[in-house]
Amino acid sequence: MRLKEYDRILWDFNGTLLDDVALAVSSNNTLLARRGLPLIASEDAYREVFCFPVADYYRELGLESEGEAFTRVAHEWMKEYRAGEKDAPLRAGALAALDTVRAAGVPQGILSATEETQLEEQVTSLGIRDYFDHLFGREDIYATDKSGIAARYRREHPEERVLMIGDTVHDVETANAGGFDGVLVAGGHQSLPRIAGAGVSVFPDYPALIAYLTEGAEA
């Protein structure tokens with residue numbers, strides 16, 4: 001079984017485990033409407049423009065992306081997002097994937113750009129907290145980067161064989177910063193064509209990812 005090659009699986013959260021694309025679009029459009037800016041037409045359109053750091057994404061949409069103005073926009077966006085976050089479900093197939101990794105006896109964690117207290121609350125609310133022995137989030141809400149978290153993890157666990165599973169090109173950058181292997185599952189915050197060139201295996205859905213993780217398992 002391919003899972004047995006690893007000492008730990010690290011999951012991205014937003015867009016990978018959590019199906020929050022619709023919520024992200026709604027939150028963004030609320031801010032855009034307040035400023036008289038063009039709205040994001042659809043989830044597919046959103047997947048073509050979303051990127052890290054989010055300041056670059058805000059700039060693409062015409063939102064304030066510098067200094068104190070960016071800070072105000074980030075807090076305004078977070079207020080909208082948090083008002084609806086309890087309605088965001090797990091992605092279809094995510095629970096089966098978590099169960100698959102648990103059954104293989106491989107420890108699991110989450111490495112996310114979400115602020116750590118918020119991450120803890122969301123994961124607990126979804127009823128999946130006991131799948132993870134640790135949650136690695138940011139100390140602020142600004143979602144600037146996850147690479148530093150990964151690099152710190154590697155310094156603290158220099159010998160671990162880690163696979164990171166995400167949904168965006170930045171998840172591959174994060175995996176590279178930590179010296180992890182990485183794979184992506186489509187359907188999250190970036191489109192399949194955008195993540196297809198990230199240099200790692202990309203799976204169209206969770207059943208395909210599970211098949212990859214269990215490759216070589218006894219029937």
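Predicted model: local features only at pLDDT ≥ 70, side-chain atom pairs only at ≥ 80, totals over all residues.
Hi everyone, let me begin with a term: two strands count as paired when DSSP finds at least two bridges between them.

Which residue of strand 4 stands opposite Trp11? That would be Ile165. On to strand 5, residues 181–185: four bridges join strand 4 to this strand, again in parallel. One place to look is Met164, whose bridge partner in strand 5 is Gly182. If you follow the chain from strand 4 through helix 8, residues 169–178, and into strand 5, you trace a right-handed β-α-β unit.

In what order do the six strands lie? The order is 3-2-1-4-5-6, in an open sheet with parallel pairing. At the edges sit strand 3, residues 134–138, and strand 6, residues 201–203, and each of them pairs on one side only. On average, neighbouring strands are turned by 25 degrees against each other, ignoring direction.

Helix 7, residues 147–156, lies across strands 1, 2, 3 and 4, and runs at about 135 degrees to strand 3.

Is strand 4 mostly enclosed or open? Five of its five residues are buried, so strand 4 is largely enclosed by the rest of the structure. Val162, Met164 and Gly166 point one way from the strand, while Leu163 and Ile165 point the other way, and all of these are buried.

Next, the rings. Searching the whole structure turns up twelve aromatic pairs. One of them is Phe203 with Tyr212, a tilted pair at 4.8 Å centre to centre with 45 degrees between the planes. Both Phe203 and Tyr212 are buried. Elsewhere, ring pairs link Tyr46, Phe50, Phe52, Tyr57, Tyr58 and Phe70 into a cluster. And here is an arginine with a ring: Arg102 lies over the face of Tyr131, 3.9 Å from the ring centre.

Let me finish with two single residues. The first topic is Ile128, in the loop between helix 6, residues 116–125, and strand 3. Why do we call Ile128 buried? Its relative accessible area is 1%, and the cut-off for buried is under 20%. Which residues does Ile128 touch, leaving aside those up to four places away in sequence? They are Leu90, Leu95, Leu98 and Val123. Taking Leu98 from that list, it is 30 residues from Ile128 along the chain, and their C-alpha atoms are separated by 8.9 Å.

The other residue is Asp56, which you will find in helix 3, residues 54–61. Asp56 has a relative accessible area of 33%, so it is partly exposed; that class covers values between 20% and 50%. Ten residues along the chain separate Asp56 from Glu66, and the distance between their C-alpha atoms is 9.6 Å.

Methods: Residues numbered from 1 in each chain as written. Heavy atoms only, no water. Helix = DSSP H or I, 4+ residues; strand = E, 2+ residues; numbered from the N terminus. Axes fitted to C-alpha atoms, helices over the stretch in contact; angles between N-to-C directions. Contact = heavy atoms within 4.5 Å. Phe/Tyr/Trp six-rings, centres within 6.5 Å; stacked < 30°, edge-to-face > 60°. Buried < 20%, exposed > 50% of the residue type's maximum accessible area, 1.4 Å probe, protein only. Lys NZ or Arg CZ within 6 Å of the ring centre and 35° of its normal. Right-handed = clockwise from strand over helix to strand, strands pointing away.
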